[in-house]
Amino acid sequence: MKYLIFLTLIINSLFAESYSSTKTDVAPVNNQLYINECASCHFAYQPGLLPANAWTKIMKNLDKHFGTDASLAPEDFQTLSKYLEDNSAEKNMQYKRSNRIVSSIPAGQIPDSISTTPYMIKKHSELRKNMITQPEVKGLFNCVACHTTADKGIYGERDIKIPNYGRWED
Ligand code: HEC
Ligand code: HEC
């Protein structure tokens, strides 16, 4: 009987380990206005993927947003600026990835995007260049092309599937 309990404990801990990717990496998006306004051209990047000062920088330059005009009506601008700030990475440090992203940014620097933060560059450094630049992906900004559960805030390795290459085996 003792052995059985012991065995159950071991099996449980193994199980927990192999399913660790079901833990949420960043807080999921829970704002419909954000989805309507900021996910019409691309994936709804979770606010917890950048610190507040980076969101402020992005919001200030919406008329020149990565080569396009993403300007908002003043009311929506206010609401979404507040949403991004309230849910930014430093407000979500209990989430592992938010914490790591913030920690990776050198003091005094404000990143222009998620994909150019030191943490993101490091995490994707083992990918071959053509995995990222191929037409089905286009660039590192296209999180959902490879992270099949990105919309849930889950970026674990179990849920990565690279177009034309398949599952990621580390
Ligand atoms: C008119 C289309 C459009 C709208 C609307 C739009 N974006 Fe973008 N955004 C782009 C383009 C184009 C890029 C560059 C990457 C790409 O081609 O998807 C981009 C990139 C980004 C990136 C950087 C991704 C990276 O590489 O890390 C962030 C963050 C971002 N947008 C946030 C927002 C937010 C917040 C809003 C809402 C206020 C918004 N976007 C609305 C077109 C848009
Ligand atoms: C071309 C496919 C691809 C794209 C696009 C991509 N990723 Fe990844 N990502 C990967 C792979 C593969 C790994 C695992 C790398 C490794 O283990 O060396 C990874 C790792 C990660 C990790 C670490 C996960 C872990 O458990 O260690 C995070 C967080 C992450 N990506 C977030 C993002 C975000 C956010 C975006 C968009 C801004 C993005 N990724 C775009 C393929 C991609």
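In helix α3 (residues 52–60), the buried residues are Ala52, Ala54, Trp55, Ile58 and Met59, where buried means under 20% relative accessible area, exposed over 50% and partly exposed in between, using a 1.4 Å probe and protein chains only. Seen down the axis of α3, these buried residues fall within an arc of 160°, so they line one face of the helix; the arc is taken from the directions from the helix axis to the C-beta atoms. This is a predicted model, in which local features need pLDDT of at least 70 and side-chain atom pairs count only at pLDDT 80 or more, while totals for chains, interfaces and linings use all residues. Residues are numbered from 1 along each chain as its sequence is written, chains are lettered from A and ligands numbered from 1 in the order in which they are written, and side-chain values use heavy atoms, with hydrogens and water left out.

**Helices and their buried faces**

- Helices here are DSSP runs (H or I, at least four residues), numbered from the N terminus.
- The buried residues of α3 pack against α2 (32–38) and α4 (74–86), with contact meaning heavy atoms within 4.5 Å.
- Helix α5 (residues 96–104) has Arg97, Ser98 and Ile101 buried. These three cover an arc of only 105° around the axis, which puts them on the same side of α5.
- As a reminder for reading such patterns, an α-helix has 3.6 residues a turn, so residues three or four places apart point the same way.
- The buried residues of α5 pack against α6.

**A closer look at Ser98**

- Ser98 is part of helix α5, and its relative accessible area is 0%, so Ser98 is buried.
- Leaving out residues up to four places away in sequence, Ser98 touches Asp25, Val26, Gly48, Ala89, Asn92 and Met93.
- Asp25, one of those neighbours of Ser98, also pairs with Arg97, as described next.

**Salt bridges**

- There are four salt bridges in the structure, each being a side-chain nitrogen of Lys or Arg within 4 Å of a carboxyl oxygen of Asp or Glu.
- One of them joins the side chains of Asp25 and Arg97, at 2.9 Å from N to O. Asp25 lies in the loop between α1 (2–18) and α2, and Arg97 in helix α5, so the pair ties together parts that are 72 residues apart in sequence.
- Both Asp25 and Arg97 are buried.
- Lys64 and Asp63 also meet through their side chains in a salt bridge, at 3.6 Å from N to O. Lys64 is exposed, with a relative accessible area of 60%, and Asp63 is partly exposed at 40%.
- Asp86 forms a salt bridge with Lys82, with 2.6 Å between the closest N and O atoms. Both residues lie in helix α4, four residues apart, or about one turn of the helix.
- In that pair, Asp86 is partly exposed at 37% relative accessible area, whereas Lys82 counts as exposed at 52%.

**Around ligand 1**

- Ligand 1 is surrounded by 21 residues, and the closest are Cys38, Cys41, His42, His65 and Ser115; a residue is near a molecule if one of its heavy atoms lies within 4 Å of it.
- Ser115 places a polar side-chain atom 2.5 Å from an oxygen atom of ligand 1.
- Helices α2 and α3 each supply at least two residues of this shell.
- By class, the shell around ligand 1 has 13 nonpolar, six polar and two charged residues. Ala, Val, Leu, Ile, Met, Phe, Trp, Tyr, Cys and Pro count as nonpolar, Asp, Glu, Lys and Arg as charged, and the others, Gly among them, as polar.

**Around ligand 2**

- Of the 23 residues around ligand 2, the nearest are Lys123, His124, Cys143, Cys146 and His147.
- An N or O atom in the side chain of Lys123 is 3.0 Å from an oxygen atom of ligand 2, and a polar side-chain atom of Glu157 also lies 3.0 Å from an oxygen atom of the ligand.
- The side chain of His147 has an N or O atom 2.8 Å from a nitrogen atom of ligand 2.
- Helices α6 (118–123), α7 (129–133) and α8 (143–146) each supply at least two residues of the shell.
- The shell around ligand 2 divides into 13 nonpolar, five polar and five charged residues.

Technical notes: A polar contact is a pair of N or O atoms within 3.5 Å; within protein, one must be able to donate a hydrogen and the other to accept it, and residues adjacent in sequence count only if both atoms are side-chain atoms.
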